Amino acid sequence: MTTIDIPFHGLRSGVEGVPTFEGEQSAKEYTSDQEVRWCPGCGDYAVLKAVQGFLPQLGLRRENIVFVSGIGCSSRFPYYLDTYGMHSIHGRAPAIATGIATAREDLSVWVVTGDGDALSIGGNHLIHALRRNVNMTILLFNNRIYGLTKGQYSPTSETGKVTKSTPMGSVDRPFNPVSLALGAEGTFVARTIDSDRKHLTAVLSAATAHRGTSFVEIYQNCPIFNDGAFDAIKGQDTKADAIIPLEHGQPIRFGAGGAKGLVRDSETGGVKVALVADVGEDALIVHDAHNPDPTLAFSISRLTDSGYLNQSPIGIFRQVERPTYDDQARAQVASARDAVTGTPTERLAALIGGGDTWTVV
């Protein structure tokens, strides 16, 4: 897979006054004393190890990092990290994290969620966090199944999926989490894989350096209820054709020897896969993650599983700058506070009596 080389510029680049940690930290210092309770072989273990190994690179104090989760297997995450954390309400982690990020600029705020938690009961909370561009990093573990409740189909399960709740096969059309995030105009949208630690860590580094909402979908295997869901993108003999690597500024090529690539589709207005030998290298799309218009990134995301089970673009789809909700909310509060003078009592009275008032007789 193509390596992502993006330097880390500190917590939500641009934040001033954030307490930093002087000295060196290790993954051990971010590992709690709680017994990790996931099924043997669960992809969550790999993600946990990657996050524990990455957090020391932030250079922050552990008390300035908070993980918020909802309900599901992935939502056990806060227990296993020696940081602040909250195991919150089903689907509501983005809403709670929004409040934390708005009230506490000095915190690195993370949301850990799953495809069921985030895209079913939590769907509205997720899209509005993305729309508002709140300073947080959202990790969505996608195993295409409900694991905690023992194997029902989820919002990302493929059509025809046979599960305990769909014994004759699912008739639902699944969500594409990356397409959803791009449709909500997320400013940082990426996809990575639980078992590719190098790529996962690189994406996490770029996500935490981004100021605004960073959305990272992580393909994560559930060995008990949906084992092998991502075999194509992990198998040595198949991953070259299944993974479409995205690297900013580079032509999008994949397949053995880079024989395939992405080109514009004149019939649909989107993109399609073509043989480089047939179209020539100049026809290939050069990936631009910084394009303010998400249209092309959205078209690329639609290639997920298109014509090939588990064919997926992997990498950073979009990375753009836009004002953040919490920065603007804090600025409004400061402006209102500074506009009123006098004692605290006088200032409160002025705020309450300001604007339109009525006298009831």
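User: How many bridges join β7 to β11, and do they run parallel or antiparallel?
Analyst: In this predicted model, β7 and β11 run parallel and are joined by four bridges. Within that pairing, I244 stands opposite P313 in β11.

User: What about β5 and β11, parallel or antiparallel?
Analyst: Strand β5, residues 188-193, runs antiparallel to β11, and four bridges join the two. Here F188 stands opposite Q319 in β11.

User: Is β11 itself buried or in the open, and how many of its residues are buried?
Analyst: Strand β11 covers residues 312-319, and eight of its eight residues are buried, so the strand is largely enclosed by the rest of the structure.

User: Which strands make up the whole sheet, and in what order?
Analyst: The sheet is open and has eight strands, in the order β2-β1-β3-β4-β6-β5-β11-β7, with mixed pairing. At its edges are β2 (84-87) and β7 (243-246), each of which pairs on one side only. From one strand to the next, the twist averages 20 degrees.

User: How many bridges are there between β4 and β6?
Analyst: There are seven bridges between β4 (residues 136-142) and β6 (residues 213-219), and the two strands pair in the parallel sense.

User: Which strands does helix α1 lie across?
Analyst: Helix α1, residues 43-54, lies across β1 (65-69), β3 (108-114), β4 and β6. Relative to β4, helix α1 runs at about 160 degrees.

User: Now α4. Which of its residues are buried?
Analyst: In α4, which spans residues 123-132, the buried residues are G123, L126, A129 and L130. Seen down the axis of α4, these buried residues fall within an arc of 140 degrees, so they line one face of the helix.

User: And what do those buried residues pack against?
Analyst: The buried residues of α4 pack against the helices α2 (93-103), α3 (115-121) and α5 (177-183), and also against the strands β4 and β6. Helix α4 is followed by N133, which has a positive phi near 65 degrees.

User: How many residues of helix α12 are buried?
Analyst: The number is zero out of ten residues, so helix α12 (residues 344-353) lies largely in the open. Just after α12 comes G355, with a positive phi of about 80 degrees.

User: Changing topic: where is K161, and what is it in contact with?
Analyst: K161 sits in the loop between β4 and α5. Apart from neighbours within four places in sequence, K161 is in contact with I145, T166, G169, S170 and N226.

User: Is K161 buried or exposed?
Analyst: K161 has a relative accessible area of 14%. Buried means under 20%, so K161 counts as buried.

User: What is the phi of R144?
Analyst: R144 has a positive phi of about 60 degrees, although it is not a glycine. R144 is placed in the loop between β4 and α5, and R144 is buried, with a relative accessible area of 7%.

User: And K150, what is its phi, and where does it lie?
Analyst: K150 is a residue other than glycine with a positive phi, near 80 degrees. K150 lies in the loop between β4 and α5. Its relative accessible area is 45%, and K150 is partly exposed.

User: Last topic, salt bridges. How many are there?
Analyst: The count comes to 13 salt bridges. One of them joins D106 and R104, with the closest N and O atoms 2.8 Å apart. R104 is partly exposed, at 39% relative accessibility.

User: Which residue forms a salt bridge with E105?
Analyst: R330 forms a salt bridge with E105, and their closest N and O atoms are 3.8 Å apart. The pair links distant parts of the chain, as R330 is in helix α11 (residues 325-338) and E105 is in the loop between α2 and β3, 225 residues apart. E105 is partly exposed, with a relative accessible area of 35%.

User: Where do D327 and R211 lie?
Analyst: The side chains of D327 and R211 meet in a salt bridge at 2.5 Å, N to O. D327 lies in helix α11 and R211 in the loop between α6 (197-209) and β6, so the pair ties together parts that are 116 residues apart in sequence. D327 is partly exposed, with a relative accessible area of 24%, and R211 counts as buried at 13% relative accessibility.

User: Which residues are linked in a network of salt bridges?
Analyst: The network of salt bridges links E105, R211, D326, D327 and R330.

Methods:
Residues numbered from 1 in each chain as written. Predicted model: local features only at pLDDT ≥ 70, side-chain atom pairs only at ≥ 80, totals over all residues. Heavy atoms only, no water. Pairing = 2+ DSSP bridges. Axes fitted to C-alpha atoms, helices over the stretch in contact; angles between N-to-C directions. Contact = heavy atoms within 4.5 Å. Buried < 20%, exposed > 50% of the residue type's maximum accessible area, 1.4 Å probe, protein only. Arc of directions from axis to C-beta. Salt bridge = Lys/Arg side-chain N within 4 Å of Asp/Glu carboxyl O.
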